[in-house]
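I wanted to look up how this chain is put together, starting with the overall counts and then going to single residues. Here are my notes, with the structure on show.

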Amino acid sequence: MGSTEILEKDTTENLSNGTSSNSEAAKRLAKRLYQLDRFKRSDVAKHLGKNNEFSKLVAEEYLKFFDFTGMTLDQSLRYFFKAFSLVGETQERERVLIHFSNRYFHCNPDTIASQDGVHCLTCAMMLLNTDLHGHNIGKKMTCQEFITNLQGINEGGDFSKDLLKALYNSIKNEKLEWAVDDEEKKKSPSEGTDEKANGTHPKTLSRIGSTTNPFLDIPHDPNAAVYKSGFLARKIHADMDGKKTPRGKRGWKTFYAVLKGTVLYLQKDEYKPEKALSEEDLKNAVSVHHALASKATDYEKKPNVLKLKTADWRVLLFQAQSPEEMQGWINKINCVAAVFSAPPFPAAIGSQKKFSRPLLPATTTKLSQEEQLKSHESKLKQITTELAEHRSYPPDKKVKAKEIDEYKLKDHYLEFEKTRYETYVSILKEGGKEFLSNNTKEAAGLKKSHSSPSLNPDSSPVTAKVKRNVSERKDHRPEAPSIKQKVT
């Protein structure tokens, strides 16, 4: 019997026996996972990261085998990673790190203000590890920039600078790695070279790297609620980082659009819950986390056109069938983005003159709606102040053209972010989640949202995973100033 079958058998047998039996079963399974008794290292994370009560009990018991008391956060994470391989789907891996953060806080309650603070630093270290040791183009993040980008997110205050410096230097001097199964160690050198060519860990380990970062993958949730659907014509105006789309790829195409959870699926045929999405459907899917939709006022060739700017700064034009439909799509997309977008992570910044946008995680926020509003208001205040400061020191006309371009790029970015957060704040003040669940005409049958877009258990049972290229860390290039300029 395989290790997965063993766990499922034990789980099924014990779930029906009451809380006490569940707890005892969880302890037994946790012990076997820790001792690798009929389990491989790559099995552990899959069983700790499932989204059910029994898996949570197992994870809590498993973490009790680790005593992080008196250890620094980076030491604890390295110690934790020696026991297993961090594999599995995006949400499963993140749940494992949440369990780690909770255990570390339990062992060291006076070191960091909250469990959320520990988890934030854990995520930040993962991203820093990718930035410093991954195969990324451009300069690496400096210690000062690491500190600056973590300001104001420790229960509204700042983390200790000494703590952040120590974490930065630890990751810089030694990259984070986790345990490998024996069969992986026996692979030929050529295999290892090929697998590591695109990141810091072999593909079989589902590394946290530039192409499979668990915090930046699109969260494809088959049980997510459908907030809006209908036919839309799409035109791609700009690719990632605002780079103008080649002329041959800019044509209008009609799709049946489905806003499901935080993903806008674009299908060639009308949506049917029982029908699995094709590879082409997944390829066309667009994540709306941290996105902003607005009326395309500069595009006059077609009526009822909205502009969608995504987290990775792609620009897409969509034509709706009526002005009301266009406004409905704008409202729903912005509402989903405002309610569910998680707070940004630090940016991979190279120098004071050259900047990158913050990393925008695609996972859904863990904040309540009230906390989400406060988070957006804080970001709006920060961006507004930064924009005012930026404009108070315009570059001298005698400086190099490159420096002037950098100034304009940052100004464009800050102006857009200010508009985006103003929109999010306005939406949450007007109701946010209530708007998503109470509009019977556009979202008939939706259950009321509480903390996640995963509201409709009867939705399409799709198991494929949607991913996008990770480029939020790159230097930003805004889309062309005017959409109407030679869009053919």
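What follows is what I looked up, entry by entry.

**Ground rules.** I am working from a predicted model, where local features need pLDDT of at least 70, side-chain atom pairs count only at pLDDT 80 or more, and totals for chains, interfaces and linings use all residues. Residues are numbered from 1 along each chain as its sequence is written, and side-chain values use heavy atoms, with hydrogens and water left out.

**Overview.** I find 16 helices and seven strands in the protein. For the record, helices (H or I, at least four residues) and strands (E, at least two) are DSSP runs, numbered from the N terminus. Of the 488 residues, 53% count as buried; buried means under 20% relative accessible area, exposed over 50%, partly exposed in between (1.4 Å probe, protein chains only). I also looked at contacts (heavy atoms within 4.5 Å). Among those between residues at least 6 apart in sequence, 70% join residues at least 24 apart.

**Cores.** Which residues touch the most other members of the largest nonpolar core? They are Tyr62, Leu73, Phe80, Phe81 and Phe84, in a core of 51 residues. By nonpolar core I mean a set of buried Ala, Val, Leu, Ile, Met, Phe, Trp, Tyr and Cys residues joined through side-chain atoms within 4.5 Å. At least two residues of this core come from each of α2 (19–35), α3 (41–48), α4 (53–63), α5, α6 (90–107), α7, α8 (143–148) and α9 (161–173). The largest share, eight residues, is supplied by α7. A second, separate core has 35 residues, including Leu259, Ala291, Leu308 and Tyr424.

I then checked Tyr62: leaving out residues up to four places away in sequence, Tyr62 touches Ala30, Leu33, Tyr34, Val44, Leu48, Phe80, Ala83 and Phe84.

**Helix α5 and its partners.** The axes of α5 (residues 73–81) and α7 (residues 115–133) come within 11 Å and cross at roughly 70°. Axes here are lines fitted to C-alpha atoms, for helices over the stretch in contact, and angles run from 0 to 180 degrees between N-to-C directions. So α5 is roughly perpendicular to α7; angles under 35 degrees count as roughly parallel, over 145 as roughly antiparallel, 65 to 115 as roughly perpendicular and the rest as oblique. On the α5 side I noted Leu73, Asp74, Leu77 and Phe81, and on the α7 side Val118, Leu121, Thr122, Met125 and Met126.

With α9, α5 packs at an angle of about 40°, the axes being 9 Å apart. That makes the pair oblique. Here Leu73, Asp74 and Arg78 of α5 meet Leu167, Ser170 and Ile171 of α9.

**Loop residues.** Asn108 touches Phe68, Thr69, Gly70 and Met71, not counting residues up to four places away in sequence.

Ser85 sits in the loop between α5 and α6 and is buried, at 0%. Ser85 and Lys40 are 45 residues apart in sequence and 9.0 Å apart in space, C-alpha to C-alpha.

Most residues other than glycine have a negative phi. Asn304 is not a glycine, yet has a positive phi of about 60°; I place Asn304 in the loop between β5 (292–295) and β6 (305–309). Trp313, also not a glycine, has a positive phi of about 65°. Trp313 lies in the loop between β6 and β7 (315–319) and is buried, at 2%.
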